[in-house]
Amino acid sequence: MVVLKAARAARRAVLLPTMLTFGVIVASGGLLLMIQKGMLAEVDALSGNTYGARSRPRSGSSSSSTSRGQHWKGVEDPDYQIIQEIRNRTLRTVCKQKTMPHSILDLTASQRRTLLKHILVNDDYKFLYCYVPKVACSNWKRVIKVLSGTLDNVHVQIKMDHKNDLVFLADLKNSEIKYRLKHYYKFMFVRDPMERLLSAYRNKFGEMVEYQRRYGMEIVRRYRKNIGQSKGDDVSFSEFLQYLVDEDVETMNEHWMPVYNLCQPCAVMYDYIGSYERLHSDARYVLQNVGASDSVEFPERQAWYKPVTKEILHYYLCKVPRELLHQLLPKYILDFSLYAYPLPNVTHEYCQH
């Protein structure tokens, strides 16, 4: 316990300046942008080298496909464009810093290995997709299999195989990786960090025995004086978050590893970063932009899926000790700041409602 406390104190000392830096960036940049454009004012369509919606011409794509994408951008709601522009500005500001990676060559071997294992390749439509667990990645894999011809349609009732019939950048030679990173359309999807963590917690510890045995029992042994008859299926959300506080982000399980570490948005310049909150409309935009047929649609949620509503998130967060959240946030601060997600509100007034 003494060693754990010392390690936590050391991490806080290192991460606090980073957290404050990005807090200032988001607060100042975001507020300035809102003042300049007006929170609810009409804004122009995004253009230029942006991470939010940067289209690029595709050889062989029809003019009708291009016009559909243009029309979609034209009816984009102003509030969402503001969020996208905040993301764009924050990413540009953060990623141009000398200490940030500017290509995959700047990453450590471990970081590069994680990144390449999470980028899926489609050579037919010339795109790369960085998948993030708990951000609809299973449905995106369905779509990719349909586009590559290994699945008839996205509605086929089969258990998703997350490895077979999929090509990852990690499977390719260095020259092939370099070419695709330079020439292919690159996209990823993000989600509110706390909502993603709660979704992972409920799914893995509430439904999957293998996770209960491997991670649940480790958590129980680490944080309880008396294990009792626990089988790892009774881990509390607070215990799970404490486990994350004490884990190294670069060796975490992919289901709760920060999005930044999975997809490295400074080392890879993504053409589009979609939102889980606007999943279908953003997915439609991506499919139009890569030239997919109109018959290929992003699938609806599975019937068994249990969504994390605002009320459910409110319930869980308000039961977590504030000090624990303060310890956790530095590890996910880039996921909050880069993608313009608000920090969790656990004030006394909020949690009373």
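This is a predicted model: local features need pLDDT of at least 70, side-chain atom pairs count only at pLDDT 80 or more; totals for chains, interfaces and linings use all residues.
Residues are numbered from 1 along each chain as its sequence is written, and side-chain values use heavy atoms, with hydrogens and water left out.

Taking a disulfide as a pair of cysteine sulfur atoms within 2.5 Å, you'll find three disulfides here.

Start by selecting Cys 95 and Cys 266, joined with an S to S distance of 2.0 Å. Cys 95 sits in helix H3 (residues 78–95), while Cys 266 is 171 residues away in the loop between helix H10 (259–263) and strand E5 (272–275). Helices (H or I, at least four residues) and strands (E, at least two) are DSSP runs, numbered from the N terminus. Cys 95 is buried at 6% relative accessibility, and Cys 266 is buried at 8%. Buried means under 20% relative accessible area, exposed over 50%, partly exposed in between (1.4 Å probe, protein chains only).

Next, pick Cys 130 and Cys 263, a disulfide with S to S at 2.0 Å. Cys 130 lies in strand E2 (residues 127–130) and Cys 263 in helix H10, 133 residues apart. Both Cys 130 and Cys 263 are buried.

Now jump to Cys 318 and Cys 351, whose sulfur atoms are 2.1 Å apart. The torsion about their S-S bond is about -80°, so this disulfide is left-handed. Cys 318 is partly exposed at 25%, and so is Cys 351 at 24%.

Zoom out to finish: counting bonded cysteines along the chain, the pattern is 1-4, 2-3, 5-6.
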